[in-house]
Amino acid sequence: MEGILTDCVHKSLRHFMHNNAIFLCERLCAEFPSEANLQLLAGCYLQSNQAYSAYHILKGTQMAQSRYLFAVSCYQMGLLREAEAALCPANEPSAEVPNGAAGHYLLGLIYRYTDRMRSAVHHFKQALSMDPLMWSAYDELCILGFAEEATAFFGEAAAQQIQKQYLNDSASPSLQTLAEDRNVVSSKQFVSEDMSPRHLKHVQGNNLKDIPGNHNGASVIGGAAIQPVNSGPSNLSFYNTPSPIAAQLSSVAPPPLCRNIQPNGPNISTLGADSSPKSTVNSTIQAPRRKFVDEGKLRKISGRLFSDSGLRRSTRLSSDASVNVNASTTGVSGNGNNNSSKYLGSSKFSSMAFRNTTIRKGTSWPNENIDEGTRNDVLDDSRLNISSTTAGSSPVIEAKSCEQEGSNFIVGGQVLSLSKVITGASEVLSLLRVLGEGYRLACLYRCQDALETYMKLPHKHYNTGWVLSQVGKAHFELVDYLEADQAFRHARQITPYSLEGMDIYSTVLYHLKEDMKLSYLAQELISTDRLAPQSWCAMGNCYSLQKDHETALKNFQRAVQLNPRFAYAHTLCGHEHVALEDFENGIKCYQSALSVDSRHYNAWYGLGMVYLRQEKFEFSEHHFRVAFQINPRSSVIMSYLGTALHALKRSEEALKIMERAILADKKNPVPMYHKANILMSLERFDEALEVLEELKEYAPRESSVYALMGRIYKRRNIHQKAMLHYGMALDLKPSATDAAAIKAAIEKLHVPDEIEDNL
């Protein structure tokens, strides 16, 4: 009865019948009360997004697997202290973290959100050392700014670690020992594949080892039930940031390594409806989405006539982003150079052969079924249609013996020899090196270098939703909104179901003032997923573009409510509060964003703008400088840092910063305008006029440029030219505030500057 109920629970989970699985599992626990069966029940609740139920079921349990699942439920509920205590019991300070790499990754997330960055980095690196294919850990390192070059994580040492895992499977001569060795490896590095003692006796006789985490029913990670190992094959569990859309086995862990073995003894799974056992791997842990950053809006210079006002908004790169690499295939070779690396204007993306490649993005399906079968014969490689290429630059580690060379593994539903498995792992690592290096450079805001790195990818990987979203973010950071629009648009065509980077895309359309496109995008995202913060950020940007700041604020607050760890939503709330002149609440929102992500430079920038408008120049300079340290290539941040320095009477230092800002982005007219303003204050009128004459070429219809030239001519007592430029500024139809300031300057045209300053 126990075996039948267990098998039925797994079948229900495989078919996404969560209510049926919960009902049957409750019957199982009632008839056969054990902690292992409670794990299976908790996994059913986790998979149906009921973390609170799993929390109460597993509270007080002691097994390693139970503690891990309890920590998962605590993390999803925001109970980080309890999650940490479950993974690192106070009475066992030297105890190993349960579930190996996945446990270290979860512990790293807990440390990150409790502001213990050094410990978080340690555990993320530990997770990568145990499982080199755990992309999510590398993703977090990049977001925190502590990632080393991708070669350090996806190089030869990683290949040796993968080889070690595979050789551990092939070291034992007997079938039973092979299965037991697999469980030992899983108990140390991956989520164990649990069976009850009674079940194991049926499968392997009375030869039962006391392996922590191996219990009845199924091992569950993040709500995914893993079916008991009945026929020898075992699954490699993984941990990843969830999304209801697609599976990405290779984004975090290697594919399942399975033996095509028939163990001695009866097969419990034959008692159920399925004729062949299936293993289900799933992850539902919702790692926070992180952190999208941007360059900040390029404010039109005519916003205020003789004052410095801030950018509209800024975003942050998503850090969330997980890359999808199918580790079970071996068709990717080397770093695949893209020969079309140089394009002009909008033809950059249209000139590439965009294929209908639907890369799976974000997180995993609720489960991934692997039909393994229980045949006594071992399939020969010649019976499989498998293509394998060797990456020339990747380390390929050969098997140590002919016996190991001839060993077969079921990997991703295919039977592969050990040499092919190692070759495939090397090719996956080669691909991850390119993707990882590009993502690392993007998180360091070396966006041009990141774009060049992404161009080295083969077309089939470049033309995927995740990569194109990263390319769009990089162009956005470079204030190249047209190219960003192109990249995001192609990403939408390839993966219309993915919301990765769509919050940033909505801000791109905001800057381009594409109100129709923005409205259409917002409605599409809401219809796709009403519970995603990206959808409500797009809707908020749509209302903000229409100057309906109160409604925009409500939409951004809805995004915060859906995901309190979404730093960009907090920042957008701050922008709307500032637009409504509610500086106090704006400061609180920016601080909330920084509590989620201390490297979210947009929040530092937003605080600097608030203090600049409040004329608290010391505070403003401090916050702009911190933002500049995080993103030292932003011309917008540099220009406003220079403005704060100029307000503090540090004009020479401000001029140097403005020069750097101009060199960083010659298309940005803001630092040139501020430079001219500083030169005028230093009474270097000729130099200021030269800068303004050059600026007229970039922004011929900016009224503030002509108004500033009028001020300079007035200071030089050339009233005729001053009147001419004031008139030209009015002809360009500035805002009402600017027009009033220009008219007031005309009325005081013949008033000496000394008298005007005293008025």
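These questions and answers go through the terms used for one predicted model.

Residues are numbered from 1 along each chain as its sequence is written. In this predicted model, local features need pLDDT of at least 70 and side-chain atom pairs count only at pLDDT 80 or more, while totals for chains, interfaces and linings use all residues; side-chain values use heavy atoms, with hydrogens and water left out.

Q: Why is Arg-440 called buried?
A: Buried means under 20% relative accessible area, exposed means over 50%, and partly exposed lies in between (1.4 Å probe, protein chains only). Arg-440 has a relative accessible area of 10%, so it is buried. Of the 759 residues of the chain, 62% count as buried.

Q: Why is Glu-581 called partly exposed?
A: Its relative accessible area is 48%, so Glu-581 is partly exposed. Glu-581 sits in the loop between α25 (567-579) and α26 (583-596).

Q: What is in contact with Arg-440, leaving aside its neighbours within four places in sequence?
A: Contact means heavy atoms within 4.5 Å. On that basis Arg-440, a residue of helix α16, is in contact with Tyr-138, Cys-142, Ala-147, Glu-148, Glu-149, Ala-150 and Arg-446. Arg-440 and Ala-150 are 290 residues apart along the chain, and their C-alpha atoms are separated by 7.7 Å.

Q: How do you know that helix α9 is mostly covered?
A: Helix α9 (residues 135-144) has 10 of its 10 residues buried. What covers them includes α7 (100-112), α8 (117-130), α10 (150-153), α16 and α19 (465-477). Just after α9, Gly-145 takes a positive phi of about 80°.

Q: What makes a set of residues a nonpolar core, and how many residues has the largest?
A: A nonpolar core is a set of buried Ala, Val, Leu, Ile, Met, Phe, Trp, Tyr and Cys residues joined through side-chain atoms within 4.5 Å. The largest has 91 residues, and those with the most contacts inside it are Tyr-138, Phe-154 and Tyr-454. Helix α16 (residues 418-443) gives the largest share of this core, 11 residues. A second, separate core has 61 residues, including Ile-587 and Ile-662.

Q: Why is α31 called roughly parallel to α33?
A: Axes are lines fitted to C-alpha atoms, for helices over the stretch in contact, and angles between N-to-C directions run from 0 to 180 degrees. Angles under 35 degrees count as roughly parallel, over 145 as roughly antiparallel, 65 to 115 as roughly perpendicular and the rest as oblique. The axes of α31 (residues 670-681) and α33 (residues 703-715) come within 11 Å and cross at roughly 10°. That makes α31 roughly parallel to α33.

Q: Which classes of residue make up the contact of α31 with α33?
A: Ala, Val, Leu, Ile, Met, Phe, Trp, Tyr, Cys and Pro count as nonpolar, Asp, Glu, Lys and Arg as charged, and the others, Gly among them, as polar. The contact has six nonpolar, two polar and two charged residues. Among them are Tyr-673 in α31 and Arg-711 in α33.

Q: What sets the phi of Val-479 apart?
A: Most residues other than glycine have a negative phi. Val-479 has a positive phi of about 55° although it is not a glycine. Val-479 is found in the loop between α19 and α20 (481-494).

Notes. Helices (H or I, at least four residues) and strands (E, at least two) are DSSP runs, numbered from the N terminus.
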